[in-house]
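I opened my notebook to keep a record of what I looked up in this structure. Here it is, for anyone who likes to check along.

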Amino acid sequence: MKREVSCLKSGEFDLLVIGGGINGCAIARDASLRGFKTALIEKDDFACGASGKSTKIIHGGIRYLEQFNLNLVYEALHERGTLLRTVPDLVKPLEFIIPVYKGDPRPLFVMNTGVFLYDLLAGRQNIHCRRPLTKAELAGLEPNITAKGLKGGVMYCDAQMDDIRLCLNNAISAYEAGCCIANKIEAEGLVKREGVVVGVEARDTLTNDRFTIRAQCIVNATGAWSNRIVWDDEPHAAAITRPTKGVHLIYKKLPITRPMLFSARKDKRIFFAIPWRDYTLIGTTDTDFTGSPDEVYAERSDVEYLLNEIGRVFPEQGISREGVITTYAGLRPLMNTHGMAPWKVSREHYIKESGSGLISVVGGKYTTYRRLAEQVVNLIVHRFPGREFRACSTAVCGPTQEIPPGDAGLRERITHAVNEEMANSLKDLLIRRLQLAMTASRGLDIYEEAGRIMGELLGWPTSQVEYEIQAYKYEIRRNTECLT
Ligand SMILES: Cc1cc2nc3c(=O)[nH]c(=O)nc-3n(C[C@H](O)[C@H](O)[C@H](O)COP(=O)(O)OP(=O)(O)OC[C@H]3O[C@@H](n4cnc5c(N)ncnc54)[C@H](O)[C@@H]3O)c2cc1C
């Protein structure tokens, strides 16, 4: 995948997508496959927003049942089936356990009924593993969770994914289908002709070069940043998104064999402990966020909340801040709803067309990205009467599943990331292409060497190599300073 700045400058596109999260990349892929002349710009890097900060599960969302949001659960469960079928190397079925304790906000019979309904809604897409668990069965399966107050539990199935890789692979597949695509290009403003949006003023953040990208149709898929583009289009419009922050801890490996879902005592929210690579992923929080979407980090209070809740279930594991390897925080670009508790805001997606023709998408879950993209591109088809496009093919043909081999030498892996996957900064490389920032070493054992190799490949002067190293260290520090 090559960074196509010259084609962005000279092209006249049918469609320009702003934002390289999962939604933007999937829209660009679907549109390119159908035959639209498509471009996608991302101001930083693919999956640097919410799409690289998720809980990494492809799920119907069992908790949305208690909000009676059956449509959302049904749609997500069917999309789960599609992704399991079309991207089997990146989306894999997984057994989950819900232990229920005395005093939990959702009693055992409610959990059993919920999971039954969940599987029923999945219909033919159901992954069969549901069974009620007695206290003794549960203690046999997971002997390291506390037995104090344990009433029993239930097992059910969902799926786990690699969020960063799935997003990146959608970008690569869009490129392979003919999309002109580039990271490190920011949309700074909209260009209008007679009140109709016809392009964007863009800035190449690597060179500071400014230019116009022309397109008949513009999609704003900028997640938690969406309000900025909406207000550029309609200065007096209501905010389209109300971002909420979610924090995860990457904890040293806890002795559990399956992902578990618990009810928090403090606020009754559901949270997870998930075996993930050599660690346990613990999360998440859900709090309103009003700061800059470019600076989202875990705070001490987020860490305390998660450690307190998980410590209650694992009283003998000495749960403490010392066990946390690192943290990550992301913003859910939820639909703007007033006065509702953050975790009660609907996870449905919302597609808005403004008077100038700008299409904005917010809300939704990672799980439903393919469906959202299909709906957006269906909408765009109507903007081109008389033109023939191919039908949507993403429900039968998933994005590439290729993952570069992890056992290749460092230089080889970096060369691949730079030449084939558009890694343009040390953060792109260590956080998202090699995913080393989320390991015990946090990439701090190789960042200097990696910086030098990248510098050679990209022709960076020494000062740039030093800048990249400092920027990477800053990111690691911001993700871990809440642990001190
Ligand atoms: C903590 C957390 C846990 C979650 N867990 C799950 C889960 O387990 N399963 C699930 O299904 N869903 C989950 N979600 C929801 C899911 O991650 C999001 O719905 C989804 O990733 C949103 O994708 P997006 O493409 O809309 O936004 P983003 O991924 O945020 O992408 C927006 C992109 O736009 C770019 N951008 C912004 N402004 C500009 C500009 N001016 N010019 C160019 N580019 C710009 C940004 O850099 C960013 O990369 C979770 C979300 C969070 C925050």
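**Entry 1: domains.** I kept in mind throughout that this is a predicted model. I started with the domain assignment, which gives domain 1 (5-51 + 164-241 + 345-381), domain 2 (93-160 + 242-332) and domain 3 (410-483). Next I checked how domain 1 sits against domain 3: their C-alpha centres lie 26 Å apart. Eight residues of domain 1 are in contact with six residues of domain 3. The side of domain 1 that touches domain 3 has five nonpolar, one polar and two charged residues.

**Entry 2: ligand.** I found 37 residues surrounding the ligand, the closest being Gly19, Gly21, Gly49, Gly223 and Gly246. By class, the shell has 13 nonpolar, 16 polar and eight charged residues. I also noted that α2 (22-34), β2 (38-42), β8 (185-193) and β16 (324-332) each supply at least two residues of this shell.

**Entry 3: helix α4.** This helix covers residues 108-122, and its 15 residues reach 21 Å from first C-alpha to last, close to the 21 Å expected. I listed Leu108, Met111, Asn112, Val115, Tyr118 and Ala122 as buried. Seen down the axis of α4, these buried residues fall within an arc of 120 degrees, so they line one face of the helix. A reminder to myself: an α-helix has 3.6 residues a turn, so residues three or four places apart point the same way. After α4 comes Gly123, with a positive phi near 55 degrees.

**Entry 4: helix α8.** I ran the length check on α8 (residues 300-313) too: its 14 residues should span 20 Å, and its end C-alpha atoms are 20 Å apart, which agrees. Asp302, Leu306, Glu309, Ile310 and Val313 are buried in α8. They cover an arc of only 95 degrees around the axis, which puts them on the same side of α8. On the face turned away from that buried side I found the exposed residues Arg300, Ser301 and Glu304. Among the elements covering the buried residues of α8 are β11 (244-252) and β13 (270-276).

**Entry 5: Lys245.** Leaving out residues up to four places away in sequence, Lys245 touches Thr285, Thr287, Phe289, Val296, Ala329 and Leu331. Ala329 is 84 residues from Lys245 along the chain, yet their C-alpha atoms are separated by 6.8 Å.

Entry 6: Most residues other than glycine have a negative phi, and most peptide bonds are trans. Thr284 lies in the loop between β14 and β15 (287-288). Glu194, in the loop between β8 and β9 (196-204), has a positive phi near 50 degrees. Glu194 is exposed, with 6 other C-beta atoms within 10 Å. Asn208, in the loop between β9 and β10 (210-220), has a positive phi near 70 degrees. Asn208 counts as exposed, with 7 C-beta neighbours inside 10 Å.

Definitions and conventions: Residues numbered from 1 in each chain as written. Predicted model: local features only at pLDDT ≥ 70, side-chain atom pairs only at ≥ 80, totals over all residues. Helix = DSSP H or I, 4+ residues; strand = E, 2+ residues; numbered from the N terminus. Expected span 1.5 Å × (residues − 1). Buried ≥ 20, exposed ≤ 12 C-beta atoms within 10 Å, placed from the backbone. Arc of directions from axis to C-beta. Domains from an automatic or database assignment. Contact = placed C-beta atoms within 7 Å. Nonpolar A, V, L, I, M, F, W, Y, C, P; charged D, E, K, R; others polar. Near = placed C-beta within 6 Å.
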